[in-house]
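Here is a short report on one protein model. Keep the sequence and the 3D view open as you read.

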Amino acid sequence: MNKQIGKYKIINQSYGSSDSILYNAMDTETSETVALKKINPSLYNDENKIARLQNEVRLAEEHSNLMLDATPICFTFWNENLELIDCNDAVLRLFCIYDKNIFIENFFAFVPEYQENGMLSKDMFKQGLQKAINEGRYVFEWMHQDLMGVEIPTEVTLVKINYGGSHRIAGFIRDLRE
């Protein structure tokens, strides 16, 4: 679907009724995924119904965020330029940090310079992202580290997601120490 409503690029329609249509959309300014509800124009004057529908959208987005942050496995989200754009709260717990932006803006501070196979971490990770794009999914062992340099062996799964005419990569990090 190649439709846009204002600054929102529509990914897909997830629900439709006589009252409204609910879309999964991307905010083109922030690259965040949002739930967008388009209300049937005949309902514009029904303020109570509009308020109820807006509340439903807010709750759906809240529930999605709560579920993602409650997930015990680390989740990362990469854009088509292979830049990290989001992560869940499990990342904060794994690396003992308090702010997602610390991880997002400094991803390679959380890996040793070289992986156990002798490859530069940056090169190996870019190859992994590219394999996920080409093959749809790529699973590999990966050494992370916390900011003190303590190594954290992990298994990383990268999955290509078709996203509004382009692609994104969902990354899942499983701590192998558990």
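## The largest cavity

What volume does the largest cavity have? About 40 Å³. This is a predicted model. By the rule used here, there is one cavity of 30 Å³ or more.

Ten names make up the lining: Thr76, Trp78, Phe107, Phe125, Trp142, His144, Val156, Leu158, Gly171 and Ile173. Strand 5, strand 7, strand 8 and strand 9 each give two or more of these residues. By class, seven lining residues are nonpolar and three are polar. None is charged.

Five of them form an open sheet, in the order 6-5-9-8-7. The pairing is antiparallel. Strand 6 and strand 7 (137-145) stand at the edges. Each has a single partner strand, so one side of each is left without a neighbour in the sheet. On average, neighbouring strands are turned by 30 degrees against each other, direction ignored. What holds such strands together? Strands of a sheet pair through backbone hydrogen bonds.

Take one pair as an example. Strand 7 and strand 8 are joined in the antiparallel sense over nine bridges. Find Trp142, whose bridge partner in strand 8 is Thr154. Trp142 also belongs to the lining of the largest cavity. Helix 4 (residues 121-135) lies across strand 5, strand 7, strand 8 and strand 9. Its direction is at about 160 degrees to strand 7.

## The largest pocket

How much space lies in the largest pocket? About 800 Å³. The lining has 26 residues. Thr33, Val34, Ser64, Asn65 and Leu68 lie nearest the centre of this pocket.

Several elements give two or more residues to this lining, among them strand 2 (8-16), strand 3 (20-27), strand 4 (33-39) and strand 8 (151-163). Which element gives the most? Helix 1, with six residues. That helix spans residues 47-70. By class, the lining has 12 nonpolar, nine polar and five charged residues.

## The second largest pocket

The second largest pocket holds about 160 Å³ of space. Its lining consists of Pro72, Ile73, Cys74, Ala90, Arg93, Leu94, Ile173, Arg174, Asp175 and Glu178. Helix 2 (89-95) and strand 9 (166-175) each give two or more residues.

Which classes are found in this lining? Six residues are nonpolar and four are charged. No polar residue is present.

Most residues other than glycine have a negative phi. Leu82 and Cys96 go against that pattern. Leu82 has a positive phi of about 60 degrees, although it is not a glycine. Cys96 is not a glycine either, yet has a positive phi of about 55 degrees.

Where do they sit? Leu82 is in the loop between strand 5 and strand 6. Cys96 is in the loop between helix 2 and helix 3 (100-105). Is Cys96 buried or exposed? Cys96 is exposed, because its relative accessible area is 71% and the cut-off is over 50%. Leu82 is partly exposed, with a relative accessible area of 25%.

Terms used:
Residues numbered from 1 in each chain as written. Predicted model: local features only at pLDDT ≥ 70, side-chain atom pairs only at ≥ 80, totals over all residues. Heavy atoms only, no water. 1 Å grid on protein atoms, 1.4 Å probe; cavity = no way out; pocket = protein on both sides within 12 Å on 5 of 7 lines; lining within 4 Å. Points joined across faces, edges and corners; volume = space filled by probe spheres on them. Helix = DSSP H or I, 4+ residues; strand = E, 2+ residues; numbered from the N terminus. Nonpolar A, V, L, I, M, F, W, Y, C, P; charged D, E, K, R; others polar. Pairing = 2+ DSSP bridges. Axes fitted to C-alpha atoms, helices over the stretch in contact; angles between N-to-C directions. Contact = heavy atoms within 4.5 Å. Buried < 20%, exposed > 50% of the residue type's maximum accessible area, 1.4 Å probe, protein only.
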